[in-house]
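Biologist: Can you put the model up, please? I would like to go through it piece by piece.

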Amino acid sequence: MNEPLLEGVEINPAGVPCACIIWLHGLGADGHDFEPLVPQLGLVDVRVVLPHAPRRPVTINGGMVMPAWYDILAPDFNRGQDSAGIRASERQLQALIQREIDAGIPAEKILLAGFSQGGAIALHTGLRYPQPLAGILALSTYLPLGDSLAAEAAVVNRAVPIMMAHGTQDVVVPLPLAMQSRDLLQQQGYNVAWHSYPMQHALCPEEVQDIRHWLGQRLAPEPV
């Protein structure tokens, strides 16, 4: 059965897109959250897809129903992870990737990005995706289900460029958790560009400039 496509915000360039970024928002937000950021990124001929997460009860928030890529069961994100929810969101992200491939954008020109929960799904999915991707941008986040990565990792994405960025004052996704994820990835041979900033669970102007530079390297138009 085909995975139903998530609805979301789609920003198309004036010309034919030569690349695509699929950018996943954080818990309780929606695809509009990072829409204002896109014009600041200096993208050329790049399509940006900002999907809305499904609404679901979130245990840590008293079972309140909200947009979420998976349930969060405890303040320690490494304990009692919602494996079923994470893998369901992986399938939904894979379906969006396949839609872009079917529309003519090759996998190696598709980049996954996400903030917080969205970054966790971008990392989880991108490292397991069976075709080489352009990169993974993981902001204020961590690697879920890290214990299964070695067995499930896609060989074709062993060299995928990864940028992780985090606030040193983040109390939502603590810095040590992000550093633990970075270390695990590096121990398994992944190339992780790590950035930290004196901020909380957010983005800052310096980070936006670093993201812009990194995306420019990953998605630069092919020379004519």
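**Rings, cores and the sheet**

Modeller: The structure holds three aromatic pairs; rings of Phe, Tyr and Trp (its six-membered ring) pair if their centres lie within 6.5 Å, and planes under 30 degrees apart count as stacked, over 60 as edge-to-face and the rest as tilted. This is a predicted model, where local features need pLDDT of at least 70, side-chain atom pairs count only at pLDDT 80 or more, and totals for chains, interfaces and linings use all residues. Residues are numbered from 1 along each chain as its sequence is written, and side-chain values use heavy atoms, leaving out hydrogens and water.

Biologist: How many degrees are there between the planes of Phe34 and Phe115?

Modeller: The planes of Phe34 and Phe115 are 55 degrees apart, a tilted pair, with 5.6 Å centre to centre. Phe34 is in the loop between E2 and E3, while Phe115 is in strand E6, 81 residues apart. Helices (H or I, at least four residues) and strands (E, at least two) are DSSP runs, numbered from the N terminus.

Biologist: Are Phe34 and Phe115 buried or exposed?

Modeller: Both Phe34 and Phe115 are buried; buried means under 20% relative accessible area, exposed over 50%, partly exposed in between (1.4 Å probe, protein chains only). Ring pairs also join Trp23 with Phe34 and Phe115 in a cluster.

Biologist: Next topic. Why does Ser116 count as buried?

Modeller: Because its relative accessibility is 9%, Ser116 counts as buried. Ser116 lies in the loop between E6 and H2. Not counting residues up to four places away in sequence, Ser116 touches Gly26, Leu139, Ser140, Thr141, Val173 and His201; contact means heavy atoms within 4.5 Å.

Biologist: And the largest nonpolar core, which residues touch the most other members?

Modeller: Ile22, Leu123, Leu127, Ile162 and Leu185 do, out of 42 residues. A nonpolar core is a set of buried Ala, Val, Leu, Ile, Met, Phe, Trp, Tyr and Cys residues joined through side-chain atoms within 4.5 Å. H2 gives the largest share of this core, five residues.

Biologist: Now the sheet. In what order do the strands come?

Modeller: The open sheet has seven strands in the order E1-E3-E2-E6-E7-E8-E9, with mixed pairing. Two strands pair if DSSP finds at least two bridges between them. At the edges are strand E1 (8-11) and strand E9 (192-197), each pairing on one side only.

Biologist: How many bridges join E2 and E3?

Modeller: Strand E2 (residues 19-24) and strand E3 (residues 46-51) pair over four bridges, in the parallel sense. Cys20 has Arg47 in E3 as its bridge partner.
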